[in-house]
There are 6 protein chains.
Amino acid sequence: MLLHLSTWHDVEAYLDRSRGIILPIGSTEQHGPTGLIGTDAICADAIARRVGEIADAIVAPPIQVGMALHHTAFPGSISLRPSTMILMIRDYLTSLAKAGFRKFFFINGHGGNVATLKAAFSETYAHLADIGIPESHLVHCQVSNWYMCSSVYQLAKQLYGDQEGSHATPSEVALTQYLYPESIKHTLLDEGVSRDRQIYGSIDFRRRYPDGRMGSNPALATPEHGQQFYELAVKDLTDAYLKFLAAA
Amino acid sequence: MLLHLSTWHDVEAYLDRSRGIILPIGSTEQHGPTGLIGTDAICADAIARRVGEIADAIVAPPIQVGMALHHTAFPGSISLRPSTMILMIRDYLTSLAKAGFRKFFFINGHGGNVATLKAAFSETYAHLADIGIPESHLVHCQVSNWYMCSSVYQLAKQLYGDQEGSHATPSEVALTQYLYPESIKHTLLDEGVSRDRQIYGSIDFRRRYPDGRMGSNPALATPEHGQQFYELAVKDLTDAYLKFLAAA
Amino acid sequence: MLLHLSTWHDVEAYLDRSRGIILPIGSTEQHGPTGLIGTDAICADAIARRVGEIADAIVAPPIQVGMALHHTAFPGSISLRPSTMILMIRDYLTSLAKAGFRKFFFINGHGGNVATLKAAFSETYAHLADIGIPESHLVHCQVSNWYMCSSVYQLAKQLYGDQEGSHATPSEVALTQYLYPESIKHTLLDEGVSRDRQIYGSIDFRRRYPDGRMGSNPALATPEHGQQFYELAVKDLTDAYLKFLAAA
Amino acid sequence: MLLHLSTWHDVEAYLDRSRGIILPIGSTEQHGPTGLIGTDAICADAIARRVGEIADAIVAPPIQVGMALHHTAFPGSISLRPSTMILMIRDYLTSLAKAGFRKFFFINGHGGNVATLKAAFSETYAHLADIGIPESHLVHCQVSNWYMCSSVYQLAKQLYGDQEGSHATPSEVALTQYLYPESIKHTLLDEGVSRDRQIYGSIDFRRRYPDGRMGSNPALATPEHGQQFYELAVKDLTDAYLKFLAAA
Amino acid sequence: MLLHLSTWHDVEAYLDRSRGIILPIGSTEQHGPTGLIGTDAICADAIARRVGEIADAIVAPPIQVGMALHHTAFPGSISLRPSTMILMIRDYLTSLAKAGFRKFFFINGHGGNVATLKAAFSETYAHLADIGIPESHLVHCQVSNWYMCSSVYQLAKQLYGDQEGSHATPSEVALTQYLYPESIKHTLLDEGVSRDRQIYGSIDFRRRYPDGRMGSNPALATPEHGQQFYELAVKDLTDAYLKFLAAA
Amino acid sequence: MLLHLSTWHDVEAYLDRSRGIILPIGSTEQHGPTGLIGTDAICADAIARRVGEIADAIVAPPIQVGMALHHTAFPGSISLRPSTMILMIRDYLTSLAKAGFRKFFFINGHGGNVATLKAAFSETYAHLADIGIPESHLVHCQVSNWYMCSSVYQLAKQLYGDQEGSHATPSEVALTQYLYPESIKHTLLDEGVSRDRQIYGSIDFRRRYPDGRMGSNPALATPEHGQQFYELAVKDLTDAYLKFLAAA
Ligand code: NI
Ligand code: NI
Ligand code: NI
Ligand code: NI
Ligand code: NI
Ligand code: NI
């Protein structure tokens, strides 16, 4: 059930049977010479929608822009500062908590979001208590990264070995190829790619990773792989969501 | 050209020929018993995409959540506080301005965003100067509301007269019906609807407008109307964008 | 009844008969070669005082500095950032709401304040609810621009036609001439004046409007006109205040 | 020279001969059963205007609302939070520093402002350096409390002894009586008044000082005293301003 | 009783007998050629610990970094902005007030902290009321500067006369010598030292006070003096704390 | 070399040979019935001091209060909000970066700090670029958790198996026992302890972990273990610091 295609009557009815909501979150950032700028949001959103269908859960519209300051020396990247993102997440969750939602399950497509998201959860728990939301202690937030699902991780390792890398990876590129076959990009990639994994500021990042990739070879990606990743992630995250929902 | 389906190389090439970008912005808020919660983002996004195609402009992913605090007594609504939204817009525009963008054209689907957006533009102009963005005085922002295009406005008046109302209007519902025919909702609407137009806090709003509509009769909407609105808005906003881009 | 010339006992007694307050708000900004930097605050304050007398309403001391970032390339202009102004307005209204005020009527002299004021109202409604102000849903805010009163607007059109312009207008200059005849400035104005109406950042503004005027010819102003504007604005805004106060 | 009655041309000319500006700052807060809510702003503004005349200095419009949170349990008091006031002062000084002002002399009427003002000065020095204001190290700020001028202090002691107290004092009431003789209030004051001097939160303040006075007997005030205080303060603060302006 | 060497059970038991806590606060800033960068925190902490022992009070771990922006042109200085420090103090006191603490006694070693601390107290009183802390009106904060204790002040005057100065003073250096005899520094000091007392921005500060001292001659300090200062401060502040605790 | 026992001359000399600094960071939070509230700061500080000695690195005074909102339902815990902590860290690093430091190595004792610290690093990189710090792209930050050093982790596993748990662990308690043998607490612990690992808000936390422990048995701790942990952590973190310092 997609929030943006529902009415408030639909949501009211939903809240009678569930207090959970799935929030896909991605990023708008460079993904190397062939990866789509929307990769992280596209992947998180597609997986979240399917999880929502299977698990009968409301799915919020995707958060398209997250914490990607380190990518902003590449044109087309957009980032919130962590301090802004904390306020944004706090506002989202406050709106939803006032309506009765209590279990917030973020399906995340971007590693750079994790720290700020977790900080935002802490900020929000305290905020909701401060403003006197009833039973605010029942509010639980969780972030699950689709690319960290063990089945996904293992398949990536098996298919790509150490060419998976850590940004603009063949696994995420494959998933976007499956979802947007008409947007597959063909560019010759430099053979050498930095094996570094350090992330500091944006200028440093671009010096360290001149074409935007971090140790990855996205040329290995295929739409068929993408479908496999999609199905594995959906399965694992459906289980994770249901477990999260059921937990005290 | 959709930013999220582009690579950073694509954006780099685009910046050689244009400094403009279109940013669709909507809201996630109740739209009466039959209107979709995502109405404002859906409309803005669809129109923006087509304007981008015609005008050869990059289109950012839609901003799905805006300033809708007054709707938050209805479940499913999500809102930023104005102070948060100002920071969010500032961060978006800072990221893009650092990359070379100078002309920011917001296609807006939600009246409640306008004041905060304009405040955010002022905040951003000063911020970009403070952090020393080169030629920051060339940064121009504009917000255009699709539903205020004169052709759109006139058609709405002609089709619906004073049943257009000011929230959950038949024109915006029609546009979502055209775009998502499978999500058309059929609910009997109360005959009486408040003719009030005042907007204060969220509790007050729900007392004033118990089913969420403000003076509107969305039952008049049809997908065919929606297509007409879409085409009119696209034409007017393409002209508006090109004029904005060309202006000193 | 002027707040600053009252005691707290006076205010306590007032609150037994009314929950309304009038807040004049202006700006401290250039008004062209002959306009006073305090024009907007002077006009708003003078009108508000008289409205307060007629309507038996408390009038707060004028807010002298508002959102005028675009004027800050001209010396003598002072501006808040929108984010600061939102906090300032929130703090004002929170103080007053804690004391029992519920109806906040801003008489505004500066177009640049409107967006930020409206954003501040939204922010404040939510804030007052969050901190548990009793019956916070009864808090209503309204901004009325004296220069937009229909009688004022029509007189300006009749007296000055398109030489009214949109900043450093003869109407506002006339009003300050009526109020401060000893401060009437006589300077030869350039004949040409930009007909542009765009407002972006401060450097851009000064390039676009080199002497500070926007399409106006303040040389047409006279103190007698000023008196007329004053009386019309007072009448219209007294009606508007009483209507606002009476409304549910 | 009053900023609000000047044009930007006047200010431009002034900046050729001086980089100093006087900023009167008061408060909008209860001043006991007979003191005016605007006392602190009224006093600071009147003194500042006269100092400006004598010293040929520009005088900004008065800051009417300051840090008076502890008074907000009495109706009619308005306060900024310290965090808001710091931003407000920072914005004021940033606007003026961009135009070339370097010496900011605050004439203050309210003890509760001092700590926050000083904090704001520190914040502003760092901010101006961060945004690259030229020669920002020449920016100097000073706050002078009119009631702390030694001549004023001594006269108050001589006239009122320990009945001067520390809030709603006869000296400040006298000054407002001199300035606004038509607003002199006659109310029988309780004989007993707390000799306490502690200031904590607003509820605590009202319990501690039930009628708003802190150890003072404002019934001793006369307009003639007020004139004496006015003249002493003007003289001392003119000297102080000129010394501040001349200092390296 | 040191908070950091206690368990939460210990604190729970303590709260049954007392609602007071002592918070030492210093700074991390240059103290001239021979003064330790941690001087202010070292002094405040040592004194606070002993006061806590005598008065049976919990002592929080020292706040090592305060408001020292004016010292930041000397390497090794660390400062919060006032706006940050206000939030930090607010967060500290909010945590402790939720647990039941009501009397917050800051033992301060740095003049530059005072204004911001006082601003923070005001901010916090309002915040605690806003979030509904029970009996928040009983929350009292006080800052006591050890170097302003009258016995300390007199001894410094007697020992050093006007060579005490106002920063990197022999009295505070003496106290650190008593506490850290192994860290006594021997450097020849310039004979001349500025008698100025003005403090503005950091660049200005370093120009005005090139070696970091303000009118002081720390070469006069001895560990024996330090012990005397320590004992006097402990005595005076123990009395002050107990008086503060007992006061309504 | 301890920053607080150094002079600014010492730091100036140090900066000629190194741009690195070690910042110990802990927390002030409950650590179960027998663990010290200062455990995390105590451990981080002790290890950092020794690493600094071996590696000839400056060590900042410990950050005693971090992000521990989830512990604040236990008395004695003090926490910053994440949004405050980000500003605090940004201010620390800005002060130090202005002085020439470029490599910031945090030795951390508290898992709850990690997310917010990482968010703060991102915020700071962007901030330093915005304010024009020279060569700000050379600023690198790293957080290393002493308890996650592989040698430490393995020893804890070997000594305690799954009784190590995740909060108030025998390893951290052992380390404080080694450092503060006089503060060893003897309390009978409940046999059952939750094996849960979820962390949400503070009320939820206390319900989930009634005595504050998370799956741990700190009764297994001994001072001798503590010494082993200390030595292992010092060795690993010295290596890590030197590697960090040397890296491009
Ligand atoms: Ni990605
Ligand atoms: Ni809509
Ligand atoms: Ni005007
Ligand atoms: Ni006063
Ligand atoms: Ni000191
Ligand atoms: Ni710990």
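Copies are superposed by least squares on the C-alpha atoms of residues with pLDDT of at least 70 in both. Keep that in mind, because what I'm showing today is a predicted model: local features need pLDDT of at least 70, side-chain atom pairs count only at pLDDT 80 or more, and totals for chains, interfaces and linings use all residues. On bookkeeping, residues are numbered from 1 along each chain as its sequence is written, chains are lettered from A and ligands numbered from 1 in the order in which they are written, and side-chain values use heavy atoms, with hydrogens and water left out.

Okay, let's start with the copies. Chain C superposes on chain B by a rotation of 180° with 0.0 Å of shift along its axis, and the RMSD is 0.0 Å. Which residue of chain C comes closest to the rotation axis? That's C:Ala115, with its C-alpha at 2.1 Å. And 100% of the contact residues of chain C recur in chain B, so the same surface serves both copies (contact means heavy atoms within 4.5 Å).

Now chains A and B.

Some chains don't meet, though. Chain B and chain E have no contact, and their closest C-alpha atoms lie 17 Å apart. Chain C and chain F have no contact either, with 17 Å between their closest C-alpha atoms.

On to the metals. What holds the nickel ion that is ligand 1, on the protein side? The protein donors are A:His31 through NE2, A:Asp40 through OD and A:Glu172 through OE, lying 1.9 to 2.1 Å from the ion. A donor here is an N, O or S atom within 2.8 Å of the metal (3.2 Å for Na, K and Ca), and water is not among the atoms, so sites may look incomplete. Along the sequence, the spacing of the donor residues is H-x8-D-x131-E. Are these residues buried or exposed? A:His31 counts as buried at 1% relative accessibility, and A:Asp40 is buried at 2%. For the cut-offs, buried means under 20% relative accessible area, exposed means over 50%, and partly exposed is in between, using a 1.4 Å probe and protein chains only.

Ligand 2 is a nickel ion as well, and its protein donors are B:His31 (NE2), B:Asp40 (OD) and B:Glu172 (OE), at 1.9 to 2.1 Å. B:Asp40 sits in helix H2 (residues 39-55) of chain B and B:Glu172 in helix H6 (residues 170-179) of chain B, so this pair, 132 residues apart, links distant parts of the chain. Helices (H or I, at least four residues) and strands (E, at least two) are DSSP runs, numbered from the N terminus. B:Asp40 is buried at 1%, and B:Glu172 is buried at 7%.

Next, strands. In chain F, four strands form an open sheet in the order E2-E1-E3-E4, with parallel pairing. The edge strands, each pairing on one side only, are E2 (58-59) and E4 (140-145). Two strands pair if DSSP finds at least two bridges between them. Strand E1 (residues 20-25) and strand E3 (residues 103-108) of chain F are joined by six bridges, and F:Pro24 stands opposite F:Ile107 in E3(F).

In chain C, look at strand E4 (residues 140-145): five of its six residues are buried, so it is largely enclosed by the rest of the structure. Six bridges join it to the parallel strand E3 (residues 103-108) of chain C, where C:Phe105 stands opposite C:Gln142 in E4(C).

Last, cysteines. A disulfide is a covalent bond between the sulfur atoms of two cysteines.
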